[in-house]
Amino acid sequence: MATVSTQLTNQPAWQALRSHYEEICDVHLRTLFTSDPKRGERLAAEALGIYLDFSKNRVTDETLRLLVALAEQSGVRERAEAMFRGDRINITEQRAVLHVALRAPKGKSIVVDGKDVVPEVHEVLEKMAGFCDRIRSGEWKGFTGKRIRTIVNIGIGGSDLGPVMAYGALRHYSQRDLMFRYVSNVDGTDIAEAVQDLDPSETLFIIASKTFTTQETLTNAHSARDWCLKLLKDPAAVAKHFVAVSTNAEEVTKFGIDTANMFGFWDWVGGRYSYDSAIGLSLMIAIGPQNFREMLAGMHAMDEHFRTASFAQNLPVLLALLGIWYNNFFGAETVAVLPYDQYLGRLSAYLQQLDMESNGKSVDLDGKPIDYQTGPIIWGEPGTNGQHAFYQLIHQGTKLIPCDFIGCLKTLNPIGNHHDLLMSNFFAQTEALAFGKTAEEVKADKVSEMQISHRTFQGNHPTNTILLDKLTPDSLGKLIAMYEHKVFVQGTIWHINSFDQWGVELGKVLAKQITPELSPSYSKPLQHDSSTNALIQRYRAANN
Ligand code: F6P
C-alpha cells in the first residue's frame, strides 16, 4: 500500500489554516459584519463585468491571507502556466489540457508536439460558421429538397450537457424558426420522444462524441438513422441529415458519415471542457457564428484574467479557495449552485459534470492515496424554484451548505415587475442565510412560546453572490471559464489529476458483460454476486 500523500497537508499554509480554523470556526457572520461596517463592499472583487461579493463567507482578512498563501505554496501559478503552455499535465493519459486554446484569438500561438494548434482551431471555427450559415439561411437542403427546421444533437456527458446548458442560456439570441432537441440517454424513450413529432426530411442530426465509441451515443445515432431511413428510404439521405463532431474520423466514416460533414477537435480537449469546440455546433447554429465568437472572446478574457490577476482579486482563485475552506476545514460535503435566471436552468447540471468528474479523485498525482477531502457534491436548481423545495434544509437543517448565488442585474425579458421580484428573492436569501433570525427577534413577533425555536434561524450560512450585468454570449463565456478555472485551482491544490475520469470505466465494462446475459437465450450460469444475479434473473423473467 502506497504511503498517504502529504504534499498538501505538510504545507505551512495548510497547517496555519488548521489552527486558524479552530480560532474562527464559531464566529458568526453577524459579528463579522458588525465589527466592520464596510465589509460588504470591501470583501468583493470585480473583473470583466462580473461582481463577486464574498463578504457573506465565514472568513476574516487573516483567513484570506492564509488561503492565498495556500494557493501560492501549491504552485497554482506555475501549473496554470504549464496548462496554458500545452504541457501534458493530464499525466495518466499523457495529454495536454488546452481548452484555453479553443478561444485563443487568431495570431496567438500555442504549440503542441511542435505544431501551433491555434490556426487549426480557427480553421474548424470557420468550417462550422460556413455550415451554420447554410443551415440558418435555408441554403442547406435536406434529401427531398426541404430546408432544415429541427436540429437534434445526440451526445452524452460533455457532448450533451455543454450544448444543452449553453443553448438554454443563450436561447434569447437564437434563431427562432429553428428548433433544437438534445438526446443523450440510452433509454429508448429519449430518442423516441425527441423524434416522434418530427419530419425526417426537415431534421438534421448532429452526432457529437469525442471518441465516437460511446455506447449511448452510438446506439441513439443508429436508431436515429433507422428512423430517418425508414421514412426517407434511401441511404444517400444520411449525407444530408447527419453530421458528426468527433476526434475519431475512422469511426465517423464507419458509421456512414462523410468526413466532409465532420467537425473535428483534439485529444487535448476534455469532454467536460468542450462545449466551446465543435461540440458546440448546435449552439452555433442556434445563436449564429458571431454570437459564438463573442462567447469565445468572453472565455478568453476570463483566461487572461485568471492568468494575470493577483490571487486576492482573481475570481476563479477566490471561488476555489473559499470552496476549499468549507470543504477541507469545515467539512462541508456539498455546494449548491443557485442561478436566479431561468436561462441558466441547466447550469448546475453542467457544473456537476465539470466539477465532479474533474475532482472526484482519491489518489494524488503520484498515485498516492490521500487522506483529505477532494471534490464536493455539486447540485442546485434555478431560483426561485429551489426556495420552495430544498432551501428549508439549507436554512434550518443540520448541514453546512455553501451556496453560489448567480444573478443578472438586467433581465432579457422585462415583463411587469418580474425581475424586481426575482432579484428581491435573490438578495433576501443571502441575507437570511447569513444573518438568520434570533430567538429574541422571533419572540418580538409575538409568536407562541412553543414555536420560538422552530421559527429561529441560526444563520451563519456562507454564500457567494455572483452578479452579471446581463446574460449575453460574452458574459456566459466569462462565467463558464471562471468555473473551469475554479475547478483547476482546486484540483491543483488537492494535487490531483482533474483531467482524467477512470472512475466511469468499471460500470461501462460490467454493463457490456451484462448485456448478452439479459437475453432469455443466454444459457451459461451467471457469475455475479447473488444480488446482481437475482436482479438479472428477475429482468429476464419479466421480458420473456
Ligand atoms: O464516460 C464519461 C465520458 O467520457 C465523459 O467524460 C464524456 O463527456 C462523455 O463520456 C462522452 O464522451 P464522448 O464525447 O467520447 O462520447
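Contact here means heavy atoms within 4.5 Å. All views are taken from a predicted model.

View 1. When neighbours within four places in sequence are left aside, asparagine 291 is in contact with Tyr173 and Pro473.

**View 2. The aromatic pair of tyrosine 21 and tryptophan 325.** The whole structure contains 29 aromatic pairs. In the pair shown, the ring centres lie 6.1 Å apart with the planes at 80°, so the arrangement is edge-to-face. The two residues are 304 residues apart and link distant parts of the chain: tyrosine 21 lies in helix α1 (residues 12–24) and tryptophan 325 in helix α14 (residues 315–330). Both tyrosine 21 and tryptophan 325 are buried. They also belong to one aromatic cluster, formed by Trp14, Tyr21, Trp325, Tyr326, Phe329, Phe330 and Tyr372.

**View 3. The aromatic pair of tyrosine 340 and phenylalanine 426.** This pair is edge-to-face, with 5.2 Å from centre to centre and 70° between the planes. Tyrosine 340 and phenylalanine 426 are both buried.

**View 4. Charged side chains over aromatic rings.** The charged end of lysine 240 sits over the ring of tryptophan 140, at 5.1 Å from the ring centre. Arginine 307 lies over the face of phenylalanine 84, 4.8 Å from the centre of that ring.

Terms used: Residues numbered from 1 in each chain as written. Heavy atoms only, no water. Phe/Tyr/Trp six-rings, centres within 6.5 Å; stacked < 30°, edge-to-face > 60°. Helix = DSSP H or I, 4+ residues; strand = E, 2+ residues; numbered from the N terminus. Buried < 20%, exposed > 50% of the residue type's maximum accessible area, 1.4 Å probe, protein only. Lys NZ or Arg CZ within 6 Å of the ring centre and 35° of its normal.
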